[in-house]
Amino acid sequence: GEIGNSPRSYQPTSVFQASYIQSLPRHQRLRFISTRSTLPAAVVVSSRRRLFEYCDMADGEKESPAAPTSYDEAMEALSSLITKRSRGNNSNKGNQFDLLFHYLKILELEDALDDLKIVHVAGTKGKGSTCTFTESILRNCGFRTGLFTSPHLIDVRERFRLDGVDISQEKFLAYFWWCFNRLKVILVGLFSLQKDLKFTGLVHMRTTCFTLILYHIHAAEFGRYGQERTTEDVPMPPLFRFLTLLAFKIFSAEQVHKYWFHLQHCLSCLSSETQLNWDLICYSFFVQVDVAILEVGLGGRFDATNVVQKPVVCGIASLGYDHIEILGDTLGKIAGEKAGILKVDLQVVPPLDVNLLNGQKLGLEGEHQYVNAGLAIALSFTWLKRTGHLELANQDHTDSLPEQFIKGLTAASFQGRAQIVPDQYVDSEKDGDLVFYLDGAHSPESMEICAKWFSGAVKGEHQSDKAKPQVSSSTHQLKKNIMQVSINVHPFNQCALHESKLLSEILLATLKSSSSLAFMQILLFNCMTVRDPELLLPQLMKTCASQDVYFKKALFAPNMSVYHKVGTHALPSAVPEADLSWQLTLQRVWDNTMQKDKGREAKQVNHVAEEMKDDTGKGGGSLESSSVVFPSLPLAIKWLRDTVRQNQSVRLQVLVTGSLHLVGDVLKLIRK
């Protein structure tokens with residue numbers, strides 16, 4: 001086609017546009033790029049040559065069996081954004097916050113972000129649960145929802161939920177590479193990105209090449225940022241900021257793919273000479289999520305999510321002492337940082353009245369969730385009112401709740417918060433012999449809440465267990481023989497039949513009483529070194545003791561996940577050379593606390609200890625000891641499983657707490 005006749009330079013606004021060009025035959029790619037260039041013909045020809053050199057290389061090598069998967073490549077690229085700076089470093093506070101607006105400009109998200117109808121939530125405790133309740137309520141009201149939370153437990157895609165489901169790997173990769181490559185092109189420079197083609201991976205090289213060339217042949221695109229581009233003044237965004245920007249991209253652009261195949265079919269019917277107005281076409285098929293719910297990462301005032309200028313409604317969950325090295329050491333200072341997200345009127349809302357649920361239970365466990373649910377209800381009603389959905393917003397929710405709200409509250413789910421998961425790998429005669437109670441509490445206030453939830457959960461389990469007959473595996477055959485006696489009695493010998501039934505009932509009652517299980521509470525704990533275990537562990541032990549729940553043993557082990565890597569490739573199965581100095585410190589704090597409460601503890605667990613004077617402590621010390629440090633988390637889990645297998649009369653109830661990273665690692669190990 002004729003060069004330079006396009007009224008405006010081509011500006012790619014979606015990774016799917018590049019995908020469309022990439023799918024064209026070679027000669028059509030050439031024509032498409034040429035007809036949209038504003039550069040001299042010689043430059044276009046040179047760029048076209050480079051384009052096809054890259055594409056031929058990608059076509060020839062992308063099937064290499066030794067090439068890593070695209071998702072692993074994305075995790076490597078994501079890991080490169082993790083800063084080495086300590087979280088407690090004072091320079092982190094508000095560190096170049098204004099750069100976020102520059103990143104939005106590069107990614108062309110300024111207008112899209114203003115168009116999103118956002119619910120923004122901060123707080124020390126419960127902000128994630130509040131966001132989860134709010135998302136579930138609005139989704140059950142019929143709206144398309146996007147939810148951004150942190151941190152993730154197993155997979156980074158957990159942070160991005162569309163309509164209540166983690167974003168698919170395919171979608172994540174498309175949006176990730178689009179944002180990552182665009183930022184790197186603008187911030188690091190075109191030729192640096194060309195050198196990094198091998199880094200971004202052979203599987204994804206072809207898309208990278210097209211992204212690169214599209215920018216390379218349109219100088220106007222670079223001209224808008226040419227004076228600002230510098231690796232010194234404007235670096236690549238660190239991990240959380242990048243993930244926040246990625247969330248904005250996902251929520252503002254999601255669902256365009258839904259119509260893409262239909263769009264491709266329509267375009268294939270057009271003449272190759274037709275001038276395509278990509279901006280118009282993409283806008284026609286551009287559908288955002290109806291509501292985006294954002295959880296603040298840390299603090300509020302300088303958090304990456306606070307780049308949002310026009311939220312529909314903001315909320316602040318319960319406050320407490322956490323991240324004091326950054327937010328301040330008083331509740332007033334902490335509250336000031338959290339309040340930095342507020343841009344609308346402020347009101348205080350009460351906890352949810354349990355009677356409004358019509359006899360149903362919240363989807364998230366724990367009495368504290370009624371506080372979070374109350375805030376979620378207020379946020380949802382306010383969002384509905386301010387966005388013009390008055391049919392639901394005008395209902396009086398003091399005496400009753402709409403059916404959609406009740407369904408949303410009862411159906412909400414959030415991993416790692418007051419979650420009960422039986423071990424699926426333990427090989428024993430009975431179900432539920434090893435049960436994990438998971439909660440990522442890591443502040444004194446949340447530790448108290450966690451202890452109350454755990455105590456209530458295990459006591460409820462004990463009561464339900466007593467309400468049903470328990471027969472140990474060693475008595476199953478005897479029970480079978482007793483029942484066989486009753487069957488073999490001649491039906492006309494009524495006296496013998498009556499005596500047989502009576503004997504069977506007596507023997508079964510005896511077996512029932514002799515086969516009751518012994519419940520043992522075990523603590524599996526770890527926390528970050530910036531936390532104070534002197535505040536966490538005594539609070540946990542004291543609160544459980546007030547509910548007559550006592551830990552038989554505490555296990556301490558380092559996390560598997562590492563803070564400088566993202567992805568499952570960063571999870572070693574065993575770390576024999578691991579530095580255990582922090583775990584030994586935690587053990588000393590626990591043992592010292594136990595000494596102060598030793599008499600009361602001994603009364604509670606001595607009857608269990610007598611049953612377990614065997615060799616079950618192999619690899620983890622004797623069960624008589626109050627604590628043990630394991631060199632790796634898998635060894636701690638193995639010890640728990642071995643204990644259950646070797647003691648058929650014992651049921652272990654393991655509280656996993658102190659760190660969401662620990663909770664995520666345990667979930668990886670116990671789920672099939």
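Contact here means heavy atoms within 4.5 Å. Helices (H or I, at least four residues) and strands (E, at least two) are DSSP runs, numbered from the N terminus. The model is predicted, so local features need pLDDT of at least 70 and side-chain atom pairs count only at pLDDT 80 or more, while totals for chains, interfaces and linings use all residues. Residues are numbered from 1 along each chain as its sequence is written, and side-chain values use heavy atoms, without hydrogens and water.

An open sheet of mixed pairing holds 6 strands in the order S7-S8-S12-S9-S10-S11; two strands pair if DSSP finds at least two bridges between them. S7 (419-422) and S11 (627-629) are the edge strands, each with a single partner strand, so one side of each has no neighbour in the sheet. S9 (residues 518-525) and S12 (residues 650-657) run parallel and are joined by 8 bridges. Ala518 has Val650 in S12 as its bridge partner.

Angles run from 0 to 180 degrees between N-to-C directions, and axes are lines fitted to C-alpha atoms, for helices over the stretch in contact.

Elsewhere, H7 (residues 127-140) packs against H18 (residues 369-386) at about 45°, with axes 8 Å apart. That makes H7 oblique to H18, the class left after roughly parallel (under 35 degrees), roughly antiparallel (over 145) and roughly perpendicular (65 to 115). Phe133 and Ile137 are among the H7 residues in this contact, and Trp383 is one of those in H18.
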